[in-house]
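Good morning. Please look at the model on the screen while I go through it.

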Amino acid sequence: MFKTAITCFLAIATSFSFLLSSPQPKSFYHSLYTSTSLSDNVSISHHLHTLTRRPHVAGSEANAEAAAYVLSVFTSCSLESHIASYGVSLTYPVSRSLSLTRPPPQPPITFALRQEIYEGDPYADVADEVLPTFHGYAKSGTVIGPVVYVNYGRVEDYVTLKEMVVNVTGTVVLARYGQIFRGDIVHNAFEAGAAGALIFTDRKDYGGGSDDARWFPDDKWMPPSGVQVGSVYDGTGDPTTPGWPSSEGCERLSKEEVEKAGNVPLIPSLPISAKDGETIMRSIGGEVANEDWQGDKDAPIYRVGPGPGVVNLSYTGEYVMATIQNVIGIIPGTEEPDRLVILGNHRDAWTFGAVDPNSGTAALLEVAQRLNKLQKRGWKPRRTIVLCNWDAEENLNKPVICSQIGSTEWVEENREMLASRAVAYLNIDSAVHEAGFHASATPQLDELLKQAAKQVQDPDNSSQTIYDSWTGSSNSPVIGRLGGGGSDYAAFIQHIGVPVADMSFGTGYPVYHSMYDDFIWMEKFGDPTFQRHVAAASMWGLVALQLADEEFLPFNYLSYAFELQKSTKDLENEVSGKGISLIPLFKSIEELAKAAAKIDNEKKELQKAKGWASTWKKDQYKVRELNDRLMMAERAFTDRDGLSGRPWYKHLIYAPSKHNDYGSKYFPAIDDAIEEAMKLNTAKSWHTVQHEVWRVSRAVRHASLVLNGKLT
């Protein structure tokens, strides 16, 4: 009897011990991840303050120090960490000058081209480490010419000038930032016959809008001397290694070959301040510009010219081979270690980079620390999670668009492995600009983003979730698409076809890419309590956890089919009356919708079988095979030949517009062909449009076949 009682007691004790030590369900850890017990706004603030103590452009000692800091945090979080280095071609200014000759009796002006330090600036002692204002990859040279004002420098702006009988040939154009990528402003100027380009930061867009407006440090607006710097390179990755990694001893193009490739500007350019831009504007005569071309109410009247003001623009830059450092941290998966969920943000900045990009870097470090806290509580990911801190995104930047050297070289080097193993790439460039959550993604991730947003508290209103504020008065939140060059997601989606998402609070800020993008600006205007950073890290990590831990990948390709259907209907209006048939495209999209519905039904059937242990054990391989189909379907939208004239871009659904890298285009190959056909209006050019329709149709059908999972 006593022996029986002892046996019974031991059995109960063993059972109780098992219950205590048995792992919690994944959902428990996901809820814990977003809880206030794990988040730390003070730590995030510390990370950002540390990262932005000095300007840290790619290739600099300060940026190497920032890489070491990121590596130390990754290592302290027990991540398997290392640095992946590349030798790349970067560009820096050697000299630049700008002068204006005005009609007599006004004297000529030589511009200082200097951003001014404000009284009490805590970074005054390192201000001389900020590079002189310039355009990365600008053409070296000296040009002299009368000034023509070209608004935002878009193709349609030159059409307007032509209608006004304004000849741009041989002039130096004055354009204002906004609407399109700065590199396209310079390219469009060259195409119009201009000899050089100046781009200024208009007060109407960045300066608060009037003379009585206050600016940083008293308000968030760009000071009159502030200059938005950035690159005018129109490619992706190291320009000397297009399509292959910049590894030691690799093949490289010469400077002359880079110029012939057509991705670097062929006329000199400079960025200038609002103050200098208005001074030049006052020297321009000619016809008054249209109302929508004018500045704010206190600005001078904007006229189009040409002249009589004449500018002398001189710029000399140098190409330097420099070492860049990507910092990689890995948490191996326990059940599917060969499936990768990748999170990425870049570290290098044009100046101090408190918003762009280090608000994102601070959030990435917060994600690493929270995941480490989960590990200490027993969590282990099903799939491998990879945290990436990229280098040299800005050096080839395209402001909301960048040439992302570090991420591109890494993707090119690991192309085959990533193409077969990457589940998704989740990007945050600048985590916080201001209030208001924004997200862009490939459509199969839409529902996942919405569900995650319902689980994270709005940092600006504790009574609601991010989903509530994101949705607002509409029925559903607006999710953008990622065809633009945008950020480090480009190589993943546009080159190898990995599903991607990009998130941020706010979408822009006035002191962008200027020396005033510092910790003080963030602390006073961007996120005083650093709760938006906390929320960004919560969204980022939660989406990653669900991709890493869910037994079935949470992809919904019905959303993709719906988006393509909608875009094809928009395309109908563009080609109406041109003899173009979209029937093949509509038909392939219909097949995609059927395949998406079929795989969803398969998933439901497998989930039902999970209740039967004996059956479920036999069906484990089916889960893996179904997930592989969901993962690989995005790859099918790529084409090995890429876009015409732009072979690096392989994705036939998403890629930048040819004349605006900011633009996110559906069916970019079709769009490029239509633009050419509109100009030429020949039977051959419209036949090319039809060919591109067939190409996209075939890609969509390939995606359907992947989802179906059966050979024809």
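I start with charge: the mean positions of the 67 positive and 86 negative charges of the protein lie 7 Å apart. Lys and Arg count as positive and Asp and Glu as negative, with His and the chain ends not counted; a charge is placed at NZ of Lys, CZ of Arg, CG of Asp or CD of Glu.

A word on the source. This is a predicted model, in which local features need pLDDT of at least 70 and side-chain atom pairs count only at pLDDT 80 or more, while totals for chains, interfaces and linings use all residues. Residues are numbered from 1 along each chain as its sequence is written, and side-chain values use heavy atoms, leaving out hydrogens and water.

Now the fold. The protein has 22 helices and 19 strands, which are DSSP runs numbered from the N terminus (helices H or I, at least four residues; strands E, at least two). Buried residues, meaning under 20% relative accessible area with a 1.4 Å probe and protein chains only, make up 58% of the 712 residues.

Which strands pair with strand 9? Pairing here requires that DSSP finds at least two bridges between two strands. Strand 1, residues 80-101, pairs antiparallel with strand 9, residues 310-331, over 21 bridges; there, G87 stands opposite T323. Strand 4, residues 141-149, is also antiparallel to strand 9, with six bridges, and P146 has V310 as its bridge partner. Strand 11, residues 383-390, runs antiparallel to strand 9 and is joined to it by five bridges. In that pair, I331 faces I385.

Technical notes
Buried means under 20% relative accessible area, exposed over 50%, partly exposed in between (1.4 Å probe, protein chains only).
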